[in-house]
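Subject: Structure handover

Hi,

Here is the structure I promised to pass on.

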Amino acid sequence: MREVFVNQDHARVGFYKSVLDDAGIPNFIRNQYANNITEMPSAVFFPALCVVNDDDYDRAMHILGEIYYAPPSQAAEWRCPCCNEEVPGNFDSCWNCGALRTVSTVNSDEPGNT
Ligand SMILES: [Zn+2]
């Protein structure tokens, strides 16, 4: 058993697990629900994606590395409707004020552009 990815983002860990599942690599997630037991989670309690067989470690890291470093397909920046800050496309909420992303991200016809 060997850890290949540890992150507080359960969704991301779960996604990576599905990728390894598709690749036929035996794997499991440790600490999957441990975040519920503390209000101040430490790295110890973050969900950890592990491969069952150490021999699969290199292949798993290679597969996940390709995903991790691949450019996001929907990475267009969007402008926050509340504070007007530009926010990277991989953010679902404004880094500045925390407002949620709106649906209308691209508007080629900008009114009032004098
Ligand atoms: Zn904002």
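Predicted model: local features only at pLDDT ≥ 70, side-chain atom pairs only at ≥ 80, totals over all residues.

Numbering starts from 1 along each chain, as its sequence is written.

Overall layout

The protein has two helices and five strands, and along the sequence they come in the pattern β-α-β-β-α-β-β. Both kinds of element are DSSP runs, numbered from the N terminus: helices are H or I with at least four residues, strands are E with at least two. Of the 114 residues, 12% count as buried. Here a residue is buried if 20 or more other C-beta atoms lie within 10 Å of its own, exposed if 12 or fewer, and partly exposed in between, with C-beta atoms placed from the backbone.

Three strands form an open sheet in the order 1-3-2, with antiparallel pairing. Its edge strands are strand 1 (2-6) and strand 2 (27-30), each of which pairs on one side only. From one strand to the next the twist averages 30 degrees. Pairing means that DSSP finds at least two bridges between two strands.

Strand 3 (residues 48-51) is joined to strand 2 by four bridges, and the two run antiparallel. Strand 1 and strand 3 also pair in the antiparallel sense over four bridges. V51 turns up on both sides: in strand 3 it is the bridge partner of N27, and R2 stands opposite V51 as well.

Which residues of strand 3 are on its covered face, and which on its uncovered one? L49 and V51 are covered, while A48 and C50 are uncovered. As background, side chains in a regular strand alternate between the two faces of the sheet.

Helix 1 (residues 10-22) lies across strand 1, strand 2 and strand 3, running at about 165 degrees to strand 2. Axes here are lines fitted to C-alpha atoms, for helices over the stretch in contact, and angles run from 0 to 180 degrees between N-to-C directions. The length of helix 1 checks out: its 13 residues should span 18 Å at 1.5 Å a residue, and its end C-alpha atoms are 18 Å apart. The expected span is 1.5 Å times one less than the number of residues.

V13, Y16, K17 and L20 are the buried residues of helix 1. They cover an arc of only 105 degrees around the axis, so they sit on the same side of helix 1; the arc is that of the directions from the helix axis to the C-beta atoms. The face turned away from this buried side carries the exposed residues A11, S18, D21 and D22. After helix 1 comes G24, with a positive phi near 80 degrees.

The largest nonpolar core has eight residues: V4, F5, V13, Y16, L20, L49, V51 and A60. Strand 1, helix 1 and strand 3 each give two or more residues to this core, and helix 1 has the largest share, with three. A nonpolar core is a set of buried Ala, Val, Leu, Ile, Met, Phe, Trp, Tyr and Cys residues joined through C-beta atoms within 7 Å.

Not counting residues up to four places away in sequence, L20 touches I25, N27, A60 and I63. R59, in helix 2 (residues 57-69), is 39 residues from L20 in sequence and 9.5 Å away in space, C-alpha to C-alpha. R59 counts as partly exposed, with 16 C-beta neighbours inside 10 Å.

The loop between strands 4 and 5

Is C80 buried or exposed? C80, in the loop between strand 4 and strand 5, is buried, with 20 other C-beta atoms within 10 Å. Leaving aside neighbours within four places in sequence, C80 is in contact with E85, V87, C94, N96, C97 and A99.

N84 lies in the loop between strand 4 (78-79) and strand 5 (86-87). Phi of N84 is near 70 degrees, a positive value in a residue other than glycine. Most residues other than glycine have a negative phi. N84 is exposed, with 10 other C-beta atoms within 10 Å.

Cheers

Methods. Contact = placed C-beta atoms within 7 Å.
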